[in-house]
Amino acid sequence: MAIRKSNKLSQTAVLKQILKRCSSLGKKQEYHDQEGLPLDVPKGHFVVYVGENRSRYIVPISFLTRPEFQSLLQQAEEEFGFDHDMGLTIPCEEEVFLSLTSMLR
């Protein structure tokens with residue numbers, strides 16, 4: 001009988017990878033000295049790019065644990081992967097993203 005790895009462990013690893021990527025975004029922006037985050041991104045938040053125009057949104061890290069947001073992350077991984085410098089891009093229309101995030105707050 002094969003032992004299955006916990007799906008939660010792989011989700012945790014993916015979330016850590018997302019946070020690491022998000023914390024290194026905005027290379028042309030000004031940064032906090034110690035954290036390495038853009039000045040306009042408060043602690044406990046990260047940046048995503050949404051829609052055709054790649055509009056930038058700052059969202060709370062707590063969204064990462066919500067199943068609705070995890071669905072968007074899975075779509076992002078399938079379409080773009082997580083290995084790019086532009087930042088975390090969410091492949092959905094802006095209106096859909098705004099509607100979803102307003103329900104999560």
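**Salt bridge, strand pairing and aromatic contacts**

Glutamate 68, at 36% relative accessibility, counts as partly exposed, where buried means under 20% relative accessible area, exposed over 50%, and partly exposed in between (1.4 Å probe, protein chains only). The model is predicted: local features need pLDDT of at least 70 and side-chain atom pairs count only at pLDDT 80 or more, whereas totals for chains, interfaces and linings use all residues. Residues are numbered from 1 along each chain as its sequence is written, and side-chain values use heavy atoms, with hydrogens and water left out.

Glutamate 68 forms a salt bridge with arginine 66, their closest N and O atoms being 3.8 Å apart; the term denotes a side-chain nitrogen of Lys or Arg within 4 Å of a carboxyl oxygen of Asp or Glu. The structure holds one such bridge. Arginine 66 likewise counts as partly exposed, at 31% relative accessibility.

The protein chain has three helices and three strands, taken as DSSP runs numbered from the N terminus (helices H or I, at least four residues; strands E, at least two). Along the sequence these elements follow the pattern α-β-β-α-β-α. Of the 105 residues of the chain, 34% count as buried. In strand 1, which is mostly covered, five of the six residues are buried.

Strands are considered paired if DSSP finds at least two bridges between them. Strand 1 runs antiparallel to strand 2 (residues 55-60), with six bridges joining them; histidine 45 has proline 60 as its bridge partner in strand 2. These two strands form a hairpin with four residues between them, and glycine 51 in the turn has a positive phi of about 85 degrees. With strand 3 (residues 88-90), strand 1 pairs in the parallel sense over three bridges, and the partner of valine 48 in strand 3 is leucine 88.

Four aromatic pairs were identified, the criterion being that rings of Phe, Tyr and Trp (its six-membered ring) have centres within 6.5 Å; planes under 30 degrees apart count as stacked, over 60 as edge-to-face and the rest as tilted. The rings of phenylalanine 46 and phenylalanine 69 have centres 6.1 Å apart and planes at 80 degrees, so this pair is edge-to-face. Because phenylalanine 46 lies in strand 1 (residues 45-50) and phenylalanine 69 in helix 2 (residues 67-80), the pair ties together parts that are 23 residues apart in sequence. Phenylalanine 46 and phenylalanine 69 are both buried. Ring pairs link Phe46, Tyr57, Phe63, Phe69 and Phe97 into a cluster.
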